[in-house]
Amino acid sequence: MSNAAAAAEGGAAALQVASIGMDSSMDVLYEDDVSDNSIPDIQKITKANNILHPWGNAVTMNLNALLLENIVSSSYFKSYLVEVTNFQQILEEIYYNVQHLEPWERGTRKTTGMTGMCGGVRGVGAGGVVSTAFCLLYKMFTLKLTRKQLVSLINHADSPYLRGMGFMYIRFCQPPADLWAWIEPYLDDEEEIDPRSGAGDHMTIGNVCKLMLTKLDWYGTLFPRIPVPIQKDIEAKFHERLARRRAEEEKKKPKEERHASRERSIDKTAAGSSRQARSRSPRDRDPKHPRTRSPVNRHTDDRSVGSRHERTRDERDKDGRRKHTGYYKCKHHLRHHHCKKHKRRCPTKAKKQDASSSSSSANKPRSPRHSPSTRK
């Protein structure tokens, strides 16, 4: 059974707390059994840990200053939420009035043309109509939720927005060191929610929890920053979780598929090692062996090794020079027939140059000589 299923199904105390939160007259059920693994340790309610101490700023709830100012000055918060005094009323308000988890209502905040510190991400500069969700979120902060109320909120079965509000309360108000313990059991939760104002951004509760642990931006506002060592530890746990999931999926595969995938991986490694063995560095080459093939070997159709050696042996004369198209080619010619230095060294090139210069001088018209009579 997965951690999400254990937290949702096996946690008897966590699920009974939801009904406790409905009626403040009922007694709190405590979970003192340390060996009970059906409930995450951080959700076990005892007499000592039922009170949740907020982390960070005890007045602002670590909210952006502009967002908090709009919450406090909104008519919904001042006129209506003032009369809300218990957790039951908070649950009813969230159930009937919360339809997204953005800080601003759709189309009420304009950030076009604003640059620098007044940009839309930091939430500084231009305000708008603050959302009902964040007004209720700050109201929960003023009521100081207990552990049993928070557990009932994130395990509630009536509305995904009740659970989303509980996870946002954890992200804003709980210590960064406890975030993984609170959220990790719900990373595989498949219940769908649309946190965007105006809809169009459907995702699962598990993806929402992952975004809260890995991203700072939340639809135009910022979560409190997680210290770097804790953030690195969370990323390492994500990698371990992914590796464990892949190992479990590999075990679930039939034996034939596992052997086939293993053979394919072995073939790939063998092919890579053979390619590395074939590739040689310049130091491994024979200095006597020319780097480029001769024109005879390059343009021939017969590429067998034996015929190549026989042909090379037949085309050599007594002096060891190679014959090509009626001329004897020196070794320098076979390598550097294109360079300027070769034109001065190669005897074949020198003969051609002498022949071309003599022919050009023969064809050149002679200038008429001046007769002695024309001289002064």
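Is methionine 61 buried or exposed? Methionine 61 is buried, with a relative accessible area of 1%; here buried means under 20% relative accessible area, exposed means over 50%, and partly exposed lies in between, using a 1.4 Å probe and protein chains only.

## About the model

This is a predicted model, in which local features need pLDDT of at least 70 and side-chain atom pairs count only at pLDDT 80 or more, while totals for chains, interfaces and linings use all residues. Residues are numbered from 1 along each chain as its sequence is written, and side-chain values use heavy atoms, with hydrogens and water left out.

## The whole chain

Let us start with the overall picture. The chain has 17 helices and six strands; these are DSSP runs, numbered from the N terminus, with helices being H or I of at least four residues and strands being E of at least two. Of the 376 residues, 36% count as buried.

Contact means heavy atoms within 4.5 Å. Among contacts in the chain with a separation of 6 or more, 64% are made by residues 24 or more positions apart.

## Two residues with positive phi

Most residues other than glycine have a negative phi. Methionine 61 has a positive phi of about 60° although it is not a glycine, and its place is in the loop between α2 (12-22) and α3 (65-73). Asparagine 62 also has a positive phi, of about 65°, and is not a glycine. The loop between α2 and α3 holds asparagine 62 too, and this residue counts as buried at 19% relative accessibility.

Leucine 222 belongs to strand β4 (residues 221-222) and is partly exposed, at 26% relative accessible area.

Serine 131 sits in the loop between α5 (87-97) and α6 (132-143), and it is buried at 0% relative accessibility. Beyond its neighbours within four places in sequence, serine 131 touches His100, Glu102, Pro103, Trp104 and Glu105.

Threonine 204 is part of strand β2 (residues 203-204) and is buried, with 16% relative accessibility. Setting aside neighbours within four places in sequence, its contacts are Asp189, Glu190, Glu191, Glu192 and Ile193.

## A pair of helices

Two packed helices are described by the angle between their axes and the distance between the axes. Helix α10 (residues 205-214) packs against helix α11 (residues 228-252) at an angle of about 145°, and their axes are 10 Å apart. The axes are lines fitted to C-alpha atoms over the stretch in contact, and angles run from 0 to 180 degrees between N-to-C directions.

From α10, the contact uses Lys210, Leu213 and Thr214, and from α11 it uses Gln231, Ile234 and Phe238. By class, these are three nonpolar, two polar and one charged residues. Ala, Val, Leu, Ile, Met, Phe, Trp, Tyr, Cys and Pro count as nonpolar, Asp, Glu, Lys and Arg as charged, and the others, Gly among them, as polar.

## Cysteines

Which count of disulfides does the model give? The count is zero, where a disulfide is a pair of cysteine sulfur atoms within 2.5 Å. Cysteine 135 is buried at 1% relative accessible area, and cysteine 209 is buried at 0%.
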